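Me: I'd like to go through this model with you, starting with a few loop positions and then moving to the overall fold. Could you put it up first?

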Amino acid sequence: YTPEQRWERASNQLALSWVAGIAYAKSNGQTPADYAESAIKLFVPGWGEPGTGRLNVVVGMHRNYMMFTESEFELVDQSETSVTVRSNRPWMRYFGEDEVWYGVTVAEYEEVFRLFNAAVAEHLALSYEERVEGGWVYMKFSRKN
């Protein structure tokens with residue numbers, strides 16, 4: 001494999017690992033939100049000291065999203081109290097035309113990401129807002145008043 005082919009394979013397997021977790025949860029009568037809760041308990045503590053209000057959390061998000069090939073991650077707006085970034089949705093191509101991959105829909109997959117990002121924000125004492133517009137996911141992290 002070329003380095004590009006290896007990266008694409010790793011990108012595919014990264015997305016598939018989350019799909020496999022969601023599919024497994026569903027096969028046991030759980031929801032994608034239940035799976036998200038498991039991932040949150042496992043990984044969110046690694047995002048830093050609780051309550052710090054660090055807006056530079058987007059640096060870590062950027063690193064994670066850039067593991068996907070064809071990923072774009074951009075700063076949209078920044079102030080003393082909030083940061084808004086956007087990412088294209090590079091995982092979409094793996095779900096095919098019907099937007100279902102191993103029994104998991106894009107909506108379920110993105111729900112897990114949304115819940116996870118919100119939990120990271122909560123852990124850091126930030127607010128989180130997300131919206132999807134076309135091929136982009138907009139994520140806003142704000143300090144709580």
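**Loops, fold and ring contacts**

Me: Where is the place of Tyr-102?

Reply: Tyr-102 falls in the loop that runs between S3 and strand S4 (104-105). Helices and strands here are DSSP runs numbered from the N terminus, with helices being H or I of at least four residues and strands being E of at least two. Bear in mind that this is a predicted model, in which local features need pLDDT of at least 70 and side-chain atom pairs count only at pLDDT 80 or more, while totals for chains, interfaces and linings use all residues. Residues are numbered from 1 along each chain as its sequence is written, and side-chain values use heavy atoms, with hydrogens and water left out.

Me: OK, and what is the phi of Tyr-102? Buried or exposed?

Reply: Its phi is near 50°, a positive value in a residue other than glycine. Tyr-102 is exposed, with a relative accessible area of 62%, where buried means under 20%, exposed means over 50% and partly exposed is in between, for a 1.4 Å probe and protein chains only.

Me: Which other residue has a positive phi near 60°?

Reply: That is Glu-99, which is likewise not a glycine. Glu-99 belongs to the loop between S2 and strand S3 (100-101), and with 36% relative accessibility it counts as partly exposed.

Me: Stepping back, how many helices and strands are in the protein chain?

Reply: The protein chain holds four helices and six strands, and from the N terminus on they follow the order α-α-α-β-β-β-β-α-β-β. The radius of gyration is 16 Å, close to the 15 Å that the globule rule gives for 145 residues, so the chain is as compact as a globular protein of that length; the radius is taken over C-alpha atoms, and the rule is 2.2 Å times the number of residues to the power 0.38. Taken along the principal axes, the C-alpha atoms fill a box of roughly 45 × 35 × 30 Å, and buried residues make up 43% of the 145 residues.

Me: In what order do the strands of the open sheet come?

Reply: Four strands form it in the order S1-S2-S6-S5, with antiparallel pairing, two strands being paired if DSSP finds at least two bridges between them. The edges are strand S1 (73-78) and strand S5 (126-133), each of which pairs on one side only. Neighbouring strands are turned by 20° against each other on average, direction ignored; axes are lines fitted to C-alpha atoms, for helices over the stretch in contact, and angles run from 0 to 180 degrees between N-to-C directions.

Me: How many bridges join S5 to S6? And what lies across S5 and S6?

Reply: Eight bridges join S5 to strand S6 (residues 136-143), and Ser-127 stands opposite Ser-142 in S6. Helix H4 (residues 106-123) lies across both strands, running at about 155° to S5.

Me: What does Thr-84 touch?

Reply: Thr-84, in strand S2 (residues 82-88), touches Glu-74, Leu-75, Val-76, Asp-77, Met-139 and Lys-140, leaving aside residues up to four places away in sequence. Contact means heavy atoms within 4.5 Å. At 10% relative accessibility, Thr-84 counts as buried.

Me: Now rings: how many aromatic pairs does the structure hold?

Reply: There are 15 aromatic pairs, counting rings of Phe, Tyr and Trp (its six-membered ring) whose centres lie within 6.5 Å, with planes under 30 degrees apart called stacked, over 60 edge-to-face and the rest tilted. One of them is the tilted pair of Tyr-65 and Phe-113, at 6.1 Å centre to centre and 50° between the planes. This pair links distant parts of the chain, since Tyr-65 is in helix H3 (residues 57-65) and Phe-113 in helix H4, 48 residues apart. Tyr-65 is buried at 4% relative accessible area, and Phe-113 is buried at 15%.

Me: How far apart are the ring centres of Tyr-109 and Phe-113?

Reply: Their centres are 5.0 Å apart and their planes are at 55°, so this pair is tilted. Both residues lie in helix H4, four residues apart, about one turn of the helix, and Tyr-109 is buried with a relative accessible area of 0%.

Me: Last one: which residue lies over the face of Trp-136?

Reply: That is Arg-86, at 3.6 Å from the ring centre, and the charged end of Arg-131 sits over the ring of Tyr-138, 4.2 Å from its centre. The criterion is that NZ of Lys or CZ of Arg is within 6 Å of the ring centre and within 35 degrees of the ring normal.
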